[in-house]
Amino acid sequence: MAEDVVVVGAGPTGLMLACELSLAGVRPVVLERRPEPSDLPRANGLVGQVVEVLDRRGLLERFRAGSPFAGAMPGFPFGSVPLRFAALDPNPVTSVLIQQPRIERLLTDRAVELGVEIRRGQEVRGLAQDDDGVTLDVAGPGGGHRVRARYAVGCDGGRGPVRGFAGIGFPGTTDREVLRMGHFTSADTTVEVPGHGLLRPGWNRLPLGRVLVTSLRPGIWIVGVREDGDSADTGPLPLEELRRSLRRVLGVDLPLGEPIWLSRTVGQARLAETYRAGRVLLAGDAAHLFPAGGSALNVGLLDAVNLGWKLAADVLGTASAGLLDSYQAERRPVGERALLQTRAQAALDRAPGEDGDALRALLTEVFALPQPLRHLAELTQGSDVRYDLPGDPHPLLGRFLPDFRLTTAAGPTRLAELLRAGGHVLLDFTGGCADVAHDGVDVVRAGSDEAPADALLVRPDGHVAWVAGGTGPREALDRWAGHAVPA
């Protein structure tokens with residue numbers, strides 16, 4: 001029996017997609033190569049619009065619990081130039097400090113609550129598709145077998161096989177630097193470096209590379225080193241290799257303490273030529289790799305939120321023509337934009353010598369000015385994203401609608417609470433949509449001093465699909481919410 005959707009990869013993007021599909025009425029199967037969840041903290045937090053999306057799915061409190069910081073982010077490095085968001089009123093950049101293993105545990109818990117089947121120890125070794133579906137060759141503990149599905153989504157990372165099996169190119173560049181990093185239970189960073197002085201918290205720029213020393217919580221230190229080198233070795237990082245790299249860059253030994261985990265990575269800047277090839281789609285790192293931090297996980301999770309309801313509508317037979325293609329049309333430009341700004345960050349960070357120092361010093365001054373700072377804050381938050389949607393021109397059309405308070409017949413609430421079910425919501429603040437009814441759309445008659453328009457259609461991903469104006473909502477409802485399946 002064929003599955004509706006197979007999601008390959010149980011990282012954050014794959015799990016988020018599985019949750020979104022389930023909310024929309026489709027029960028996906030998730031195939032994960034690893035036999036157990038990873039405990040490597042490859043990401044240390046969530047920044048930007050994805051935090052608001054978690055609120056709209058009722059997950060934010062789970063993510064905040066135990067987090068050492070959640071709220072408006074006071075600052076963030078753009079490359080190695082500091083951005084002081086605390087100077088903005090209001091500060092638009094939201095964040096939750098949380099490591100990736102906990103993100104995966106929380107999303108796994110939610111997926112299980114929603115009835116998602118997660119099969120671990122399942123490695124995809126081949127894929128073929130036809131007009132009706134996709135066949136995956138899978139190797140697992142019980143041997144090889146095949147899984148048939150109507151659609152397959154590669155959420156299996158930058159090195160995952162799904163993209164290659166689907167024949168999708170992944171052009172881009174590989175960084176010349178190697179980043180070696182570890183978390184340690186203790187570390188003595190009061191080290192005198194010849195010609196540099198004491199190591200200071202954060203990145204230290206030295207003639208032969210850069211060294212990071214920082215702590216995200218008491219008793220745990222993060223130590224990293226960047227230097228030019230051979231990027232061919234992709235195996236586990238031995239502690240002695242990290243020590244030697246630090247010694248080459250610093251000129252002295254750095255006491256490291258007991259290691260918790262070690263990793264070696266090489267930055268890449270890549271974007272898939274297409275996010276869809278027939279019945280195979282890509283999301284997250286399988287679709288894009290960014291050369292600087294702060295974007296990959298956030299963009300990937302938002303890919304999942306954009307794709308989930310569209311793919312579910314196609315599977316259920318309620319999608320309008322072209323709905324699934326709008327995933328590529330909307331999300332690939334976002335990937336291009338993220339690649340642009342992270343390439344700029346990487347170039348700024350590694351610009352060498354006195355010329356690089358002069359560039360960073362001047363941009364530190366420029367980025368402190370209110371207008372450039374707000375522009376970069378919106379870029380970091382993701383509030384600069386506006387999908388090119390058809391309809392009467394309006395500043396809100398295609399935008400992610402910020403949360404606000406309103407009152408319905410059931411009492412006071414927030415926009416975020418109305419989107420918990422993952423469906424379309426038509427907000428009517430004047431009674432002009434009293435006669436509107438549409439399958440799969442929650443029509444909410446409400447009052448609010450903060451209402452940005454007389455009426456709004458909000459998609460499941462939080463973007464505005466229609467604003468009251470010259471035409472009624474019917475065309476937008478048919479385009480985005482589709483139609484009912486005939487009885």
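This tour visits the whole chain and then a few selected residues.

The model is predicted; local features need pLDDT of at least 70, side-chain atom pairs count only at pLDDT 80 or more, and totals for chains, interfaces and linings use all residues. Residues are numbered from 1 along each chain as its sequence is written, and side-chain values use heavy atoms, with hydrogens and water left out.

**The whole chain**

Begin by displaying the chain as a cartoon. Twelve helices and 29 strands make up its secondary structure; helices (H or I, at least four residues) and strands (E, at least two) are DSSP runs, numbered from the N terminus. Along its principal axes, the C-alpha trace spans about 75 × 60 × 35 Å.

The radius of gyration is taken over C-alpha atoms, and the globule rule is 2.2 Å times the number of residues to the power 0.38. For 487 residues, a compact globule would have a value near 23 Å, and the chain agrees with this at 24 Å.

Next, show the surface. The chain exposes about 21,300 Å², of which carbon and sulfur atoms supply 53%; such areas come from the Shrake-Rupley method with a 1.4 Å probe, and for residues only the protein chains shown count as cover. Of the 487 residues, 53% are buried (under 20% relative accessible area, with exposed over 50% and partly exposed in between; 1.4 Å probe, protein chains only).

**Helix 7 and L311**

Select residues 296–316, which form helix 7, and find L311 within this helix. Is L311 buried or exposed? L311 has a relative accessible area of 0% and is therefore buried. Now show its surroundings: leaving aside neighbours within four places in sequence, L311 is in contact (heavy atoms within 4.5 Å) with V5, L21, Y151, V153, L281 and L324. Select L17 as well: L17 and L311 are 294 residues apart along the chain, yet their C-alpha atoms are separated by 9.9 Å.

**The cysteines**

A search of the whole structure finds zero disulfides, a disulfide being a pair of cysteine sulfur atoms within 2.5 Å. Select C155, which is in no disulfide; the nearest cysteine sulfur, that of C19, is 12 Å away. C155 counts as buried because its relative accessibility is 9%. Then move to C433, which also counts as buried, at 5% relative accessibility.

**The loop at P90**

Finally, select P90, in the loop between strand 6 (81–83) and strand 7 (94–97). Which form does the peptide bond from D89 to P90 take? This bond is cis, with omega near 0 degrees.
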